[in-house]
Amino acid sequence: MSNEKTIEEVEYEQRLRRRLKVLQEQFKAGKIRIAEGLDVEKSLLAVRTGPDGEVDLDTVDGLVRSMALAVTAMHDREELKKEASLSEIQNMYFKFIEDNFGGFFKIMNQRGMTPHDAGMAAQNSEASIKEITENLDKFLEVIDQFWDGVVEVAHIHVEDMHHNVKGIFGGDLFPSHDENIASKCGLYTDTIVLPDPFLRSKVIFEHYSLADKAYYFMKHAMNILQYKQLACADVDEPIVVVLPDMAILQEGEREFFHRLGKEDSLVHSGKLFGRDFESFEELMDFCSSLDSIERTIAEISDGSRVLFDTNWSGDIGEQIERAMKSDHMQPFGQITPGVALASLALGRMSVSNEMLIKSRRLNGTPIIDAPTSWQYLVWKMEYDAERAESALKSQDLHVIKGLSDLSSGDMKWIGNVPPEALIEIRKEDAMDEIRDILGKGVNDLIEANPANFHRSRDHIFENINSAFSQHQKNLDALSNKKWKFAGKDIGSWLVVGSLEVAAAVTGTPVWGMATIAANQMFDVPKLKDIPQSIRDLAEENEKVKKSPVGLLFNIHRKNA
């Protein structure tokens with residue numbers, strides 16, 4: 001019988017020896033301490049060195065191997081973070097954008113234009129379209145290469161910000177161009193994570209004409225440069241961070257979110273049409289048969305589940321007709337009104353899944369400033385809670401309450417903070433005092449462990465209600481202090497609108513990943529079909545029992 005080791009065995013032994021070396025170094029540096037009497041202590045004492053001075057691997061048991069693996073992973077993570085600071089990465093990113101678009105940005109500000117105006121100007125002549133799009137592919141290639149090189153380091157930096165409130169923007173390609181999302185919620189969050197809009201648009205760009213590419217390319221560049229000051233500010237905790245979506249860079253993730261979206265669109269369409277669908281194919285067959293608006297309306301059981309855009313007026317028929325003519329539906333070609341509704345649910349639910357998973361990956365909370373996206377996220381959480389109630393034979397797992405309802409109508413909050421003032425508040429260490437006056441409210445809900453929610457549903461509503469009633473009173477106290485930052489009074493930052501929270505309250509996290517971990521999402525999910533990155537995250541998620549929570553910041557009007 002041959003004693004020759006396979007290549008895999010040799011490579012494993014090399015990795016194990018390195019891990020044992022790191023473990024030894026960490027012990028010597030005093031970074032690891034073990035309580036007396038634990039089994040691992042006996043295992044460590046059993047490790048022997050051979051005549052050649054190398055560790056005899058036969059004396060290293062499973063406990064020591066596991067410990068060496070965990071310690072090395074933490075060590076390597078810290079070493080990776082030393083390659084570049086988050087501040088360096090953000091400054092490099094924004095320097096590249098500014099080198100390419102700084103001149104346009106200056107003109108936009110001088111003329112009092114918005115990013116939308118700048119985009120419209122970019123597509124108003126063949127010459128400007130050519131100038132802006134001829135280097136588009138090269139520009140996107142550089143962005144791609146940049147993130148490819150630093151994405152892991154950047155993500156680890158953000159993941160490891162354990163004690164700050166992170167708002168993970170979602171629900172749209174990028175925040176609205178005419179309002180600064182950090183100004184909206186920069187006092188309620190410590191760090192807002194924004195997606196790279198260029199990477200996000202790459203897939204969409206394929207379907208666009210040159211004129212449309214010029215518009216969006218310019219609009220994105222102008223919009224993101226509005227955040228440079230906040231992202232590159234010299235403060236302890238970054239106010240804004242731009243990160244690429246892992247779904248674009250990790251193989252298989254986009255398809256995975258699409259698959260989760262299909263599952264949720266079955267539930268949504270079931271409620272919409274008042275019937276059960278066994279498979280996505282069955283749903284599409286049914287929707288294909290709804291070949292007229294009249295026939296489609298006749299089959300709709302719950303009209304409140306038809307939502308194209310909260311800003312659209314008109315009855316369901318008029319909205320379906322408008323949707324069929326929209327640019328968004330053009331890539332689908334000739335489709336029936338029924339398929340338009342199914343496609344809408346699939347797209348929106350895929351985005352909601354991605355948002356929740358991205359937030360959990362970064363240890364943050366989804367932040368949305370678009371009411372349409374908000375409604376689909378709330379529905380997504382509602383459907384997950386219903387699944388969990390069924391699987392866990394439990395009830396009342398879900399809390400959804402618009403805080404504007406709780407405070408009888410629109411509520412006031414601080415949502416118009418100038419970027420200069422946000423930076424000054426951080427530099428003067430005034431954030432903690434402002435937060436203390438405002439009361440925690442939102443943060444308490446974000447940090448809540450669902451295992452603590454043994455109280456009744458009404459009791460939880462009451463807690464949220466009192467927290468936000470108190471928040472309204474505290475705003476007056478804060479305004480009365482007459483503090484000024486960047487020359488502006490805090491009272492001038494008040495806005496009126498919706499500040500809403502949705503939370504799925506359950507002892508078992510029930511959104512996409514956790515149900516997959518529990519084999520409850522699909523009939524029998526094939527492990528090989530789930531991307532490794534998602535499997536790792538699902539495993540991690542089991543250790544962190546936190547409710548999925550979403551926040552909506554929607555300004556109706558600035559305070560007079």
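Figure 1. E98 is partly exposed, with a relative accessible area of 34%. The model shown here and in the following views is predicted. The side chain of E98 meets that of K228 in a salt bridge, 3.6 Å from N to O. The pair links distant parts of the chain. K228 lies in helix α11 (residues 228-231), and E98 in helix α4 (residues 86-110). Side chains of opposite charge can pair when their charged atoms come close.

Figure 2. K21 forms a salt bridge with E25. Their closest N and O atoms are 3.2 Å apart. Both residues belong to helix α1 (residues 7-28). They sit 4 residues apart, about one turn of the helix. An α-helix has 3.6 residues a turn, so residues three or four places apart point the same way. E25 is partly exposed, with a relative accessible area of 37%.

Figure 3. The side chains of E321 and K325 meet in a salt bridge, at 3.6 Å from N to O. Because they are 4 residues apart in helix α16 (residues 316-325), about one helical turn separates them. Their accessibility is as follows. E321 is partly exposed, with a relative accessible area of 38%. K325 is exposed, at 61%; the cut-off for exposed is over 50%.

**Figure 4. A salt-bridge network of E179, K184 and D369.** Salt bridges link E179, K184 and D369 in a network. A search of the whole structure finds 18 salt bridges.

Figure 5. V71 is found in helix α3, which covers residues 62-81. At 8% relative accessibility, V71 counts as buried, because the cut-off is under 20%. Neighbours within four places in sequence are left aside here. V71 is then in contact with V22, L23, Q26 and I32. I32 lies 39 residues from V71 along the chain. The C-alpha atoms of V71 and I32 are separated by 8.8 Å.

**Figure 6. Y93 in the largest nonpolar core.** This core has 82 residues. Y93, F198 and I414 touch the most other members. Helix α7 (residues 136-159) gives the core its largest share, 11 residues. Sequence neighbours within four places aside, Y93 is in contact with I143, F146, W147, D196, P197, F198, I224 and V242. Another core, of 25 residues, lies apart from the largest one. Among its residues are F280, I320, A323 and W379.

Figure 7. The structure has 22 aromatic pairs. F273 and F277 form an edge-to-face pair. Their ring centres are 6.5 Å apart, with 85 degrees between the planes. Both F273 and F277 are buried. The rings of F485 and W493 have their centres 6.4 Å apart. Their planes are at 35 degrees, so this pair is tilted. F485 and W493 are both buried.

**Figure 8. An aromatic cluster of six named residues: F96, F101, F104, F139, F198 and F217.** Ring pairs link F96, F101, F104, F139, F198 and F217. F198 is also one of the residues that touch the most other members of the largest nonpolar core.

Figure 9. Helix α13 runs over residues 253-273 and has 21 residues. At 1.5 Å a residue, α13 should span 30 Å. Its end C-alpha atoms are 30 Å apart, which agrees. G274 follows α13. The phi of G274 is positive, near 65 degrees.

Figure 10. Helix α17 covers residues 337-361, 25 residues. Of its 25 residues, 22 are buried, so α17 is largely enclosed by the rest of the structure. N363, which follows α17, has a positive phi, near 55 degrees.

Note on methods
Residues numbered from 1 in each chain as written. Predicted model: local features only at pLDDT ≥ 70, side-chain atom pairs only at ≥ 80, totals over all residues. Heavy atoms only, no water. Helix = DSSP H or I, 4+ residues; strand = E, 2+ residues; numbered from the N terminus. Buried < 20%, exposed > 50% of the residue type's maximum accessible area, 1.4 Å probe, protein only. Contact = heavy atoms within 4.5 Å. Expected span 1.5 Å × (residues − 1). Core = buried A, V, L, I, M, F, W, Y, C linked by side-chain atoms within 4.5 Å. Phe/Tyr/Trp six-rings, centres within 6.5 Å; stacked < 30°, edge-to-face > 60°. Salt bridge = Lys/Arg side-chain N within 4 Å of Asp/Glu carboxyl O.
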